[in-house]
Amino acid sequence: MDERKLREVALTPDEYKVIVEQLKRAPNEVELGMLGVLWSEHCSYKSSKALLRRLPSSGAAVLQGPGENAGAVEIGEGWAVVFKIESHNHPSAIEPYQGAATGVGGIIRDVIAMGARPIALLDSLRFGPLPDSTRHFDGVVAGIGGYGNCIGIPTVGGEVYFEDCYASNPLVNAMCVGLVRTDQLVRARAEGAGNSLLLVGADTGRDGIHGASFASLELDENSSERRPAVQVGNPFLEKCLLEACMDLAHTDAVVAIQDLGAAGLTSAVAECAGRVPGAGAVIDVALVPRRERGMTPYDVMLSESQERMLVVVQRGREREVETIFHAWDLTSAVIGEVTDDGLLTVADGREQVARLPIRLLTEGVPVRRLVGFAPEPPFDLVVDALPPLADAGATLLKLLASPNLSSRRGIFRRYDHMVGDATVVPPGGDAAMLRVKGTRIGLAMTTDCNARYCHLDPHLGAQLAVAEAARNIVATGARPLAVTDCLNFANPDRPEVYWEMEETIAGLAYACRVLEVPIVSGNVSLYNDSGGESAIYPTPVVGMVGIIDDYGKRLGAGFRHDGDFVLLIGSSHNDLGGTEYLKVEHGYVAGRPPGLDLTREQAVNRLILAAAQSGYLHSAHDCAEGGMLVALAECCLLGGMGVRCPALRPEPPLRLDAAFFGESPSRYIVSVPSRAMPEVQSLARRHHVELSLLGLAGGDVLEFEGQLKLPLADLRDAWEVLVR
Amino acid sequence: MKFGVVVFPGTWSDRDCGWVVDQVVGAELTYLWHKDTDLKGCDCVILPGGFAYGDYLRTGAIARFAPLMEQIGEFADRGGLLWGICNGFQVLCEAGLLPGALIRNASLEYRCEWTSLLVERTDLPFTAKCADRDVLRIPISHGEGSYFADPATLSRLEQRGQVVFRYCDPSGRVVPAANPNGSMHNIAGIVNARGNVLGMMPHPERCAEAELGGTDGLKLFRSVADNALKVLVS
């Protein structure tokens, strides 16, 4: 076999050998293309599969774990929440607007395929520093808004960080959350030989051919030549597809729904059949509605045209289902049927063009045994060698204006975050919260990952990402429910990157076990690497959903009541390693990330939830990047109210810079009405959690007597640098 | 009293408007499908927000040709209450039921945020429950909400008092800084000369319950509901 030909479909000579052995013949060109996309890293997880098994995915409320289009968790009153996060990094690097837009479109379809109505979107983004990365940043933000705003699903949260390592490999991870009645949860299983395969939505064009293989290679100077591999989105069409799929709930003729994403029709049919032992499918590409002339069977099978769904319909009831789609002016066509021969047979009219065992397509790829090797540890930080803090106020202003900490209002006001009349905690605070209409249930949601920590210590960094997500949920008064993860790494063929993967996944698994949050869905994105120095930090983005039984008890982050006591909950240490303070004030990315004790973390979270449940708290905000003082400034800015504090005199060995700007985890800033102080103090004692009084809310300055005194207006000017 | 909420393909505020009418106000509700040719006896027809037909070509440009639009035009001519919100306002302008047009925001960016609106007419069925020169907090969510009209149209609107809502600061002053999209004369909503067709860019259906951040939008829905009751009684 010609090696160039193999490279074109991203298969190795060894993999080709396995194919020939299994088939006992050479595959033809169409078959080779189909195997190439399904055996790509993007679809097969051949480099990460072995590690992913270590992640905890079960729990009492879990209705659907990994392996389906999205995970599903029961939330009570007959409802389940369905969610998943997915990367669209490579397309966004090449064509930021369409790459991001179709990333959003794709994750929405995953949720629709479960029978759920999408209720919210979140986006976790990483770019190189501005202004050099403006093209990526503006294009991605516009693409997310362009798709989400048009389709009418609110974009309620997410995060964005700027680091040098993402300059040529930006990350775009999109998460979608949906709701479904538990008895109407749909699974993408092609059950019942003879049932029809209905292809619905957009016509099939040549766009996106080889997209999955493209996402499984390093980007290089020729990558822009791969632009035809980037798809183009049509949110209007997807809106119609969404509503039509919701209308399918009125009929019981539908057996399964499967989204067409990476690897298009090939993947959709193979996966749908692959979930049912012994099932197969026969399809005729001549029946596929097309956008352009002269498409070969190869083109049709590999096209990644967006806004398409595969629906398995009970035999004889096709008309009933097609009527629903036609009401929305959507094209649909019966393109084949389910069989029980375990084969995917593709015909072009009367001619058979491919015939492959389903198992070979979905599970045949040899798992890659990679070797991890710990790199030289990053250079250590000697905290004692750092000069003492000179001017806390000036440093605070500098940190608030740092691109990683500044206000995100300039971004989220470009997204419709209110449509649906359910957003009860808007973006800008810790987690967003949506109410489940018709109940008192609130769903909190967030995405988190400090990749700088992960770079310095992947195992600890991954734990910190889970803990941070949980704290964001808890700060709204909700309890963590479950996780979806998007694991972004560089080239795993390099031992130090594979080691990062091993460490990250072990850290995630550990933290999720201790905090009792199962991972119900996820995605891995590898090869975010342009060779050598430009490898991204390991970036395991944690998407978390939490629940509060009565959203009337939800908490905001801002100070709202004059005279409230402002408390710091949790203990502070000299945690300056990997902090934003160290980078912004001293120019280092170094040291060990802040130490984390997950048992203490649990105790602090339980205290916050108990206090919130009893109505003792007026606000709660997680201390994250920038430390206590940045968190305090955010509480002031979000509530439009200042705070007056006596001078901060930390007890040695705690340094003043660490007390203000250190990033010790498991800490919150809360505001408490004076009458509730005794109760909060006794709760803290009962949970063995440290509590310190910082000051009193009120006025329009942030002050630590003799140390800093800044009007809110100055803080806001610094903080809102992204708001033009 | 019966509200009809129009559903075009691509409409997304239909369910929010329906929620407020049905669950918050408690009035009778029906959805009107764009392919239908019957208004099902509605007293007030709402053209809700969204991207009807994807807003391809130009906002509202295709929606005006929907089969239902002919009935809606006749309904307005008969004096029926017609209320266009966001995309609905754009459709009303394209259909010639209101003057002017909505063009790209001055920032060239989509904007979803809270605005303050000065109410300049309280003698309308849509605003009867507002106080004189009331200031309402209602959010916007649009990329093309900058109101534009030629000078003659604009002065006619002003002379006849057809401007119903103007973007203002929280204290009610109509100032450039309070204009979120570059609308001429800070116009956020206008009414036809007869007073039965209202178009507005902000979304009152997003602020009819305290948990969503405010209840000022409810004043408008209640105004219509109670006014229609009066109409029925008389």
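**A buried strand and its surroundings**

From S4(B), B:Leu81, B:Trp83 and B:Ile85 point one way while B:Leu82 and B:Gly84 point the other way, and all are buried (20 or more other C-beta atoms, placed from the backbone, lie within 10 Å of the residue's own). Since five of the five residues of this strand, 81–85 of chain B, are buried, S4(B) is largely enclosed by the rest of the structure; strands here are DSSP runs of E with at least two residues, and helices are runs of H or I with at least four, numbered from the N terminus.

This is a predicted model, in which local features need pLDDT of at least 70 and side-chain atom pairs count only at pLDDT 80 or more, whereas totals for chains, interfaces and linings use all residues. Residues are numbered from 1 along each chain as its sequence is written, with chains lettered from A and ligands numbered from 1 in the order in which they are written.

S4(B) pairs in the parallel sense with S3(B), residues 44–47, over four bridges (pairing requires at least two DSSP bridges), and B:Leu81 is the bridge partner of B:Cys44. Four bridges also join S4(B) to the parallel strand S11(B), residues 197–200, where B:Met200 stands opposite B:Ile85.

In chain A, helices H18 (residues 458–474) and H21 (residues 598–613) pack at an angle of about 5°, with their axes 10 Å apart (axes are lines fitted to C-alpha atoms over the stretch in contact, and angles run from 0 to 180 degrees between N-to-C directions). H18(A) and H21(A) are therefore roughly parallel to each other, a term for angles under 35 degrees.

Notes: Angles under 35 degrees count as roughly parallel, over 145 as roughly antiparallel, 65 to 115 as roughly perpendicular and the rest as oblique. A residue is buried if 20 or more other C-beta atoms lie within 10 Å of its own, exposed if 12 or fewer, and partly exposed in between; C-beta atoms are placed from the backbone.
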